[in-house]
Amino acid sequence: MRPFAAAVAVLLALVLAVNALAAVEARRRERRMEEAVAALRPGLALVFDGYVRERRFQELRLHVIPRPRVVALGSSRVREVSSEIAGVSPGEFYNLAMSAAAVEDDIALWSVLEGQGKVPELAIFSIDAWIFSAAHEQVRWLTLAPEVARFLEAAGAERGRLRQPARQAVHLWLEARELLSFEVFRRSLADLGRALPARTSKSRDLEAALGRDLVSEELVGDRHAIRSDGSLMRPATVDEPSTARLRQQASSYVAGGAYGLAGFRWDPLRAERLELLWRAMRTAGVRIVAYMPPYQPTAWALIEENPGYADALRSSAGFLRDLAGRVGARFLDLSDPASVPCGEEEFRDPDHAAPSCLRRIWQRLLPPAPARP
Amino acid sequence: MLFSSLEFLVLFLPVALGVALRLRGQPLLRWIALSSALFYAFAGHWWFVVPMLATTALDFRIAIMLEEERRRRARAWLLGVSLTGNLGMLAVFKYSGLLARTARGGFALLGIDRGEALSGWLQLALPAGISFYTLQTLSYVIDVWRGQAPAERNFIRFAGFVSFFPHLVAGPLTRGHQLIPQLARIAETGIDPRWREGILLFSVGLSKKVLVADRLGALVDPILGGGSLALDFPRAWLALLGYGLQIYFDFSGYSDMAIGLGRLFGIELPLNFDSPYKATSPRDFWRRWHMTLSFWLRDYLYIPLGGNRCRPARRRFNLMTTMALGGLWHGASWTFAAWGIWHGALLVLHRSVPAWERMPPFWQRNVTFFLVTLGWVFFRAPSFDQAGQWLASLAGAHGLAGAGAPGTAALLALVAGGLAIVRICPNSGELPLARLGALPQLGLAVATTASLLLINAGSRFIYFQF
């Protein structure tokens with residue numbers, strides 16, 4: 001068995017080495033990002049290749065932005081909303097959304113906002129049903145676990161002395177297992193491929209690095225970027241998917257479990273935490289508007305055909321409606337795209353609305369003030 | 001927790017095996033039962049352990065009472081209690097939803113709405129592996145009742161037999177006389193792991209599951225999971241062949257991993273697959289596919305019903321009943337019963353057509369493969385409507401030309417490769433693992449490393465909730 005054992009050991013060591021090297025490179029990039037976060041001003045965008053630690057970015061960014069009047073919270077489904085789409089003056093809006101954001105992520109960001117004395121007037125929550133599912137793994141928030149623990153302790157909702165060490169252990173394990181993931185390996189190879197030319201160039205100093213990272217919004221081109229209002233810019237050169245492609249994606253998406261709707265199991269703990277958060281925000285004088293975002297029409301039709309998925313959405317909407325009533329918030333269930341309305345082509349994929357649809361959603365959420373006579 | 005997860009491979013297995021290697025006697029058996037219960041608790045909900053413990057305690061006690069009881073009627077009562085307890089639990093957890101759905105449909109036909117009253121039964125969680133351990137403990141009690149096996153007097157050893165984690169959630173279905181003596185042996189001598197055969201077989205199973213079954217699933221599921229199964233002719237057939245291969249590689253891969261893990265603990269679990277797609281008749285197929293279940297159905301259902309020793313009409317009835325119940329065992333839906341009935345009909349057909357045996361083996365294999373593959377429609381389709389749509393698609397009713405959907409070329413390549421493997425290559429039971437050459441070992445090492453990288457994406461075994 002020696003050839004087998006030796007070959008597995010060598011191959012695994014190779015993977016670990018590539019991922020470890022890429023992790024070192026990522027730390028270097030993160031230090032650069034920390035500098036860039038402070039220098040990010042309206043009109044500029046922070047460009048990034050591949051992966052960016054969004055949670056770290058938002059946490060850092062909240063320390064340097066002025067107090068926003070309106071904030072958006074939620075997952076990647078609201079990530080593209082900019083002050084222009086929201087219809088709020090630049091400087092008054094900040095998008096706190098992060099990919100796969102859980103209730104705990106919102107708690108952590110609220111905790112930072114409150115700690116910084118930057119309590120907004122209005123918080124708009126885009127809420128996905130899967131955040132209430134105990135069957136859907138939600139672990140990215142563990143990066144912000146200390147903030148969450150602080151909030152829960154203050155609210156008297158942190159039960160058990162071992163919770164925090166247990167969370168740290170889980171987080172450590174999850175980070176460790178990343179070192180042995182195909183996706184991470186693929187990304188690491190790409191990261192290292194990009195980093196090598198940069199290392200050989202002469203402009204290694206911070207100023208030049210910042211010059212590469214921070215560009216005017218018009219110059220972002222075919223890269224991903226984050227605007228100064230926290231919103232995401234997608235590469236301009238990416239072709240919009242055709243209707244046929246969108247329908248096919250929708251069918252695969254629903255067949256694959258509709259991201260967290262398959263096996264939906266109500267998680268009372270997460271529901272309780274959301275209530276704690278909303279109550280804390282209302283006590284601080286924040287107005288809350290929450291909505292469930294729309295699905296692409298084909299995906300929506302298929303979801304409606306599936307009793308389990310439809311039940312998951314219905315029970316989540318029911319809970320949110322009740323909770324909104326209890327805490328004095330406003331709630332809209334916009335899961336059905338016809339309720340916005342958003343057309344078949346106004347989506348990037350089965351569950352991410354394109355800017356035209358997002359604009360219409362936000363017009364529903366923030367109706368323009370009536371003109372004064 | 002799945003075998004194909006880093007949590008199992010990096011955290012659970014080294015600790016479970018490492019501690020077991022240092023123990024002997026009762027502490028070893030206690031550790032096996034405890035670690036298996038832990039594994040099971042992490043396989044779903046912690047409360048899954050409760051029905052398993054109830055089954056274990058009930059059948060342990062009843063077997064001893066059966067052995068001590070001489071009165072025929074009292075023995076029948078005891079057996080009845082065990083059957084009611086085990087099958088009752090299975091009925092509540094697994095089939096109450098099906099019965100409630102059926103009742104709701106019946107009431108709806110009469111214009112009565114009973115949806116609210118029945119909704120509680122529709123949402124019961126199914127403890128993983130309950131179908132497997134129920135059959136195992138049932139066969140044990142029946143063997144004791146028949147006087148074919150002694151009752152186990154050591155509760156911990158019996159708990160180890162029921163819960164031994166390699167075979168707990170998806171088999172192979174193991175009989176008491178196969179596992180209990182082996183547990184007694186390792187308790188006495190300590191574990192003597194068969195490292196080489198265990199690790200290599202586990203790696204073969206892991207690669208089958210992750211590199212073939214999961215890849216096939218990723219391409220087949222989008223075709224079959226979109227609601228309507230009205231597909232064009234090429235996609236309908238590709239999806240069917242792909243699914244037939246996916247389920248084989250998935251389940252046989254899992255069985256290989258289970259047997260490999262057993263060998264690491266010095267335990268030999270029974271073979272579960274023996275190249276089923278090389279079968280030359282439906283009867284031969286069931287001697288090669290999920291063998292431990294086939295043999296269970298034969299010994300505890302078909303033969304007690306009368307088996308072959310009766311008139312042809314009764315024999316056909318016995319076959320159809322056994323296969324229909326066997327189908328229903330696979331899942332709580334009438335489509336699974338239809339799948340079983342389909343196989344029952346194939347077995348009857350095979351017996352009634354003498355021309356079958358006169359066909360050359362090449363054609364016997366191909367006809368068997370075709371008929372078995374066609375049966376997967378009922379296994380995979382969520383409803384009879386969708387099964388009907390799919391069957392119509394297979395006949396070309398929804399268009400003959402493919403639209404060249406994305407992923408088709410990859411699926412075609414995987415199906416072609418998979419077919420070549422299942423029809424030509426030796427199966428994992430036939431591999432000479434004890435003297436595998438350096439080159440095949442290197443190939444297996446590359447496949448294992450790739451699998452280890454890919455399992456972080458996470459996936460479920462098709463048979464996991466059975």
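## The largest cavity

The residues that line the largest cavity fall into seven nonpolar, three polar and two charged; Ala, Val, Leu, Ile, Met, Phe, Trp, Tyr, Cys and Pro are classed as nonpolar, Asp, Glu, Lys and Arg as charged, and the others, Gly among them, as polar. This is a predicted model, in which local features need pLDDT of at least 70 and side-chain atom pairs count only at pLDDT 80 or more, while totals for chains, interfaces and linings use all residues. Residues are numbered from 1 along each chain as its sequence is written, chains are lettered from A and ligands numbered from 1 in the order in which they are written, and side-chain values use heavy atoms, with hydrogens and water left out.

The volume of the largest cavity is about 70 Å³. Its lining is made up of A:G74, A:S75, A:A101, A:A102, A:V103, A:D106, A:F125, A:S126, A:I127, A:D128, A:I131 and A:L274. In chain A, α4 (103–115) and β4 (122–126) each contribute at least two residues to the lining of the largest cavity. Helices (H or I, at least four residues) and strands (E, at least two) are DSSP runs numbered from the N terminus.

The model holds three cavities of 30 Å³ or more. On a 1 Å grid over the protein atoms alone, a cavity is a set of points where a 1.4 Å probe fits but cannot get out; a pocket is an open set with protein on both sides within 12 Å along at least five of seven lines, and lining residues have an atom within 4 Å of a point. Points are joined across faces, edges and corners, and a volume is the space filled by probe spheres set on them.

Of the 13 residues lining the second largest cavity, B:S252, B:D256, B:L271, B:F273 and B:S428 lie nearest its centre. Helix α11 (residues 233–264) of chain B gives the most to this lining, with five residues. By class, the lining of the second largest cavity has four nonpolar, seven polar and two charged residues.

The second largest pocket has a volume of about 720 Å³. It is lined by 38 residues, and A:S82, A:E217, A:R227, A:D229 and A:M233 are those nearest its centre. Elements of chain A that each supply at least two residues to this lining include α2 (54–64), β6 (224–227) and α13 (355–365). The most comes from α3(A), with three residues. The pocket lining divides into 19 nonpolar, seven polar and twelve charged residues.

## Contact between the chains

Chain A brings 24 residues to the contact and chain B brings 29 residues, where contact means heavy atoms within 4.5 Å. The two chains, A and B, bury about 2,300 Å² between them, 69% of it on carbon and sulfur atoms; buried area is the accessible area (1.4 Å probe) that two parts lose on being put together, summed over both. A:M1, A:F4 and A:W173 provide 31% of the area that chain A buries against chain B, more than any other three residues.

## Salt bridges

Between chain A and chain B there are zero salt bridges, each defined as a side-chain nitrogen of Lys or Arg within 4 Å of a carboxyl oxygen of Asp or Glu. Over all chains the count is 36 salt bridges. In one of them, B:R194 pairs with B:E268, with the closest N and O atoms 2.4 Å apart. B:R194 sits in the loop between α9 (176–189) and α10 (195–224) of chain B and B:E268 in the loop between α11 and α12 (282–288) of chain B, so the pair ties together parts that are 74 residues apart in sequence.

## Backbone exceptions

Most residues other than glycine have a negative phi, and most peptide bonds are trans. The peptide bond from A:V340 to A:P341 is cis, with omega near -5°. A:P341 is in the loop between β9 (330–333) and β10 (347–349) of chain A. A:A100, a residue other than glycine, has a positive phi near 55° and lies in the loop between β3 and α4 of chain A.

## Confidence

The predictor assigns the complex an ipTM of 0.78 and a pTM of 0.77. Chain A has an average pLDDT of 85, with 90% of the residues at 70 or more; pLDDT is the predictor's confidence in each residue, from 0 to 100. Chain B has a mean pLDDT of 88, and 94% of its residues reach 70 or more.

Residues 200–207 of chain A stay under 50 in pLDDT, and the model has six contacts beyond four places in sequence for them. Residues 458–466 of chain B also stay under 50, and for these the model has 43 contacts beyond four places in sequence.
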